[in-house]
Amino acid sequence: MSVENQTEWRKHSPRYHIARWAAIVASIAVVVLSWRELNVTYEFLIFTPRNLADLFVRMTPPDWAYSIDILPPLIETVNIAILGTGLAVLIALPIAYMGAENTAPHPIAYAFGKFMIVATRSVNVIIWALFFVVIFGTGALAGVLAVAFRSIGFVSKLIAEGIEEIDTGQTEAIKAMGGSPMDVAIYGIVPQIKPTFVGVTTYRWDINVREATVIGLVGAGGIGVELNTSVDFLQWPRVLTILIAILGIVLVSEVVSAYLRKKVS
Amino acid sequence: MSKSEPSAGYPETWERPSVFYNEYVKYVVYLAIILFVLWSAWAVRPSVERVMGGIDAASILLSTMFPPDLSPIALERTYGGMVESIAMAFVATAIGVVLSLPVAVMAAENLVPRPVYYVGRAIVSVSRALHELVLAIICVVAVGLGPLAGVIALVFATPGFFAKLLAEDLEDIDEGQVDAIRASGGNSLQVLLYGVAPQVIPRMVGLIIYRWDINIRASTIVGIVGAGGIGVTLLNSFERYEYDFALTIILAIIAVVMVGEIASAIARRRVQ
Amino acid sequence: MLEITDLEKVYSTGDEALKGVSMDVEGEEVVSIIGPSGAGKSTLIRCINRLTEPTAGSIVLDGEDVTTMSKSELRNARRDMGMIFQEFNLVERLTVMENVLSGRVGYISTMQALRRNFPEEDVQRAYEVLDRVGVGGMENKRADELSGGQRQRIGIARAVLQRPKILLVDEPTSALDPETSFAVMELLTEIAREEGIPVLINIHEVELALEYTDRIVGLADGEVVFKGTPDEFDQGARDTIYRAGESREDQSTPGEQVQKQQSASVDISDADRETSY
């Protein structure tokens with residue numbers, strides 16, 4: 001009860017009150033200013049609900065026959081996610097090793113590891129895709145690389161945290177029994193980071209399926225290419241088919257990844 | 001050293017318990033996974049010329065990119081696009097949150113009847129599954145090029161995050177306080193306002209700030225499909241091969257995203 | 001069997017943990033090291049198989065000086081020294097059988113270690129030892145499913161499977177409740193006698209030392225201040241060992257130690273998922 005009273009008292013303190021109102025007023029002011037900054041034409045705005053409804057009418061019913069045609073790009077999307085994640089993990093392992101406090105071989109390596117983690121995480125997948133399309137041309141290869149580079153930071157950050165949580169008692173025991181460094185790795189370290197590793201990989205794959213659906217908008221392969229074409233040619237029933245298909249693979253991969261993570265906990 | 005030798009009666013082999021049916025099944029599964037990955041890799045394999053061309057293209061790209069274009073006009077255009085992106089993030093957060101609130105209530109199992117709950121969850125799932133850019137490309141067709149399309153895309157993407165997490169908080173509330181309002185004769189709206197809302201408001205404010213942070217990231221890229229903000233400028237720079245300008249924009253995006261992340265982290269800590 | 005001469009250890013922080021300790025373990029006896037917290041008991045045990053590098057002095061095991069060994073010689077020497085830990089140090093996510101068999105890890109190739117492919121006689125003996133320590137039938141359980149007492153029994157089984165020339169035991173009972181402590185000590189000393197392995201045991205509870213060991217070495221502030229049999233251990237000896245004040249409480253409670261053993265598992269919140277865009 002005394003805790004309750006304390007929060008009550010704090011709520012009613014004048015400073016808290018003023019701060020709260022100031023925050024609310026400031027937020028509203030920022031939103032209003034932002035709105036004005038956008039220079040939205042009000043005629044457009046009035047027609048927006050009607051336009052959206054119109055579009056939806058034109059989309060229905062979905063073009064079911066088309067669903068056969070989008071199977072290959074859908075599979076490509078999933079493949080991009082798998083290969084991108086795999087490549088990211090390969091690159092991420094040494095970075096995680098460098099970026100973990102307890103395994104970093106040198107302060108410079110540690111700084112480099114941390115930098116790579118931050119740098120790759122801050123650049124969106126679509127920007128990576130723009131780059132790789134310039135380098136390797138349109139197609140799934142650019143997509144795989146974009147997804148991979150985008151994922152390095154996420155994967156290495158979480159694996160580095162896993163490495164930092166290793167219980168040295170367990171590795172020490174293997175050492176004390178005369179185990180070689182390889183034995184220590186096999187018996188002491190691998191079992192400890194396996195759940196982190198599998199968890200992070202499947203989770204990132206799941207996210208990457210979703211990311212792989214959009215890189216096609218800049219030509220980097222996957223279902224996004226089909227989506228872009230269908231929108232350009234105003235084939236609305238096809239667009240809806242694609243949206244349903246994206247929904248399907250994203251939900252399925254979410255279930256698969258959750259199942260795998262549960263298995264290895 | 002040891003005096004006792006292994007006596008008979010104990011098994012001589014031991015198999016690690018496996019999630020698979022037996023060891024052969026395990027290896028078949030592993031083999032299948034490896035083959036599948038190899039097949040996927042084969043499907044995206046580049047030709048040799050492609051790779052060689054890629055190396056050339058990469059060297060050209062890198063040499064044009066550095067140093068970044070810091071001329072006044074480039075900075076001015078970057079600034080203009082960035083302000084639009086940030087403004088989009090604020091507006092989209094405000095509208096998105098307001099529209100997500102009823103969805104959150106609908107998606108909270110303990111507050112609404114079953115059929116409504118399923119509708120709520122369905123909205124959340126669809127919104128989660130579709131990437132901001134997929135939503136943006138459709139909005140551009142519906143309402144035309146420009147920031148309005150981007151704002152609408154971000155608004156549509158909001159329930160997938162905001163309503164989902166808020167619904168989880170709503171499901172964790174203390175039923176006792178809700179019952180107290182119900183017992184004193186409150187109607188459904190009163191129950192929500194006086195019994196439920198006070199319990200989740202601090203968390204909700206945290207989620208709003210968090211969503212704003214995500215919207216900042218998203219608003220910098222939806223322009224790639226013409227939905228306003230700095231992304232439009234970025235795409236243009238790529239199409240005109242102005243890679244040094246592109247680098248300026250990307251650095252600006254990274255800076256803004258990081259500042260947004262830090263600001264959001266600080267604000268959330270102060271709220272909670 | 002084991003002869004320690006003038007052993008010194010100075011940590012990089014400047015702490016002098018051991019200031020010239022000399023002692024030995026002969027034949028098949030059970031020797032205990034007692035002393036207040038911070039006396040250097042753990043450091044002494046850990047210096048013997050060089051989990052902690054000693055600063056000076058010599059440790060001769062079966063005629064060979066451990067302190068001057070190269071890395072690979074040291075690995076071979078470590079195979080002859082079984083170690084039992086305060087916090088069990090089992091590989092938590094592996095099965096009981098894998099933990100016990102890991103005692104033989106120094107004798108198999110990397111490929112065999114990877115495939116958990118141990119010689120038949122090792123497997124057979126592992127089953128036998130598991131039965132002996134009272135956890136027969138649990139070989140397929142994961143180590144983190146077991147209670148503290150059971151884990152320490154596995155720890156003993158693992159050390160025994162090593163067929164060591166000596167058992168180094170570091171506070172085997174301080175993470176256990178008093179009743180389990182007695183049971184574990186009883187088992188440990190019994191099994192060592194059956195197998196004919198001498199034991200050097202660092203122990204916090206004087207009562208356990210008096211009850212289960214043949215000889216007692218009292219350590220205070222990094223120096224040996226008492227050597228004798230349990231019969232010779234009187235109030236005077238007790239005062240000498242603990243003279244610098246009462247034995248301080250151990251740093252952590254058993255509950256916490258078991259908690260710490262829980263291995264890391266990944267738990268990625270939605271928050272992480274969302275920030276990845």
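In what order do the four strands of the open sheet in chain C stand, and is their pairing parallel or antiparallel? The order is β2-β1-β4-β5 in chain C, and the pairing is antiparallel. The model described here is predicted.

## The sheet of chain C

Strands of a sheet pair through backbone hydrogen bonds, in either a parallel or an antiparallel manner.

Strand β1 (residues 2-10) of chain C is joined to β4(C) by five bridges, and these strands run antiparallel. Within this pairing, Glu3(C) has Val60(C) in β4(C) as its bridge partner. β4(C) and β5(C) make a hairpin with two residues between them. In the turn, Asp62(C) has a positive phi of about 55 degrees.

## Arg46 of chain C and chain A

Helix α1 of chain C spans residues 41-48 and includes Arg46(C). The side chain of Arg46(C) makes a polar contact of 2.6 Å with the side chain of Glu172(A). Besides Glu172(A), and leaving aside neighbours within four places in sequence, Arg46(C) is in contact with Leu51(C), Thr52(C), Met83(C) and Asp170(C).

## The interface of chains A and B

Between chains A and B, 52 residues of chain A are in contact with 55 residues of chain B. The size of an interface is often given as the accessible area lost when the parts come together. For chain A and chain B the buried area is about 4,700 Å², with 81% of it from carbon and sulfur atoms. On the side of chain A, the residues that lose the most area to chain B are Leu38(A), Phe131(A) and Arg210(A), which together give 13% of what that side buries.

Which helix of chain A gives the most to the side that touches chain B? That helix is α12 (residues 236-263) of chain A, with nine residues. Sorted by class, the side of chain A that touches chain B holds 37 nonpolar, nine polar and six charged residues. Polar links between the two chains come to five residue pairs in polar contact, counted where both are at pLDDT 80 or more. The count of salt bridges between chain A and chain B is zero.

## Annotated spans of chains A and B

UniProt, in an unreviewed entry, lists the feature "domain: ABC transmembrane type-1" at residues 74-257 of chain A. In the model this span is 83% helix and 0% strand, and its end C-alpha atoms lie 18 Å apart. The feature "domain: ABC transmembrane type-1" is also listed by UniProt, from an unreviewed entry, for residues 82-264 of chain B. Over residues 82-264, chain B is 83% helix and 0% strand, with the end C-alpha atoms 18 Å apart.

For chain B, an unreviewed UniProt entry also annotates "transmembrane region" at residues 24-44, 87-112, 133-157, 221-239 and 245-267. Among them, residues 133-157 of chain B are 88% helix and 0% strand, and the end C-alpha atoms are 10 Å apart. Residues 221-239 of chain B are 53% helix and 0% strand, with the end C-alpha atoms 15 Å apart.

Definitions and conventions:
Residues numbered from 1 in each chain as written. Chains lettered and ligands numbered in written order. Predicted model: local features only at pLDDT ≥ 70, side-chain atom pairs only at ≥ 80, totals over all residues. Heavy atoms only, no water. Contact = heavy atoms within 4.5 Å. Buried area = accessible area lost by both parts, 1.4 Å probe. Salt bridge = Lys/Arg side-chain N within 4 Å of Asp/Glu carboxyl O. Polar contact = N/O pair within 3.5 Å; in protein donor to acceptor, adjacent residues only side chain to side chain. Nonpolar A, V, L, I, M, F, W, Y, C, P; charged D, E, K, R; others polar. UniProt positions renumbered as here; feature names shortened; annotations may be inferred. Pairing = 2+ DSSP bridges.
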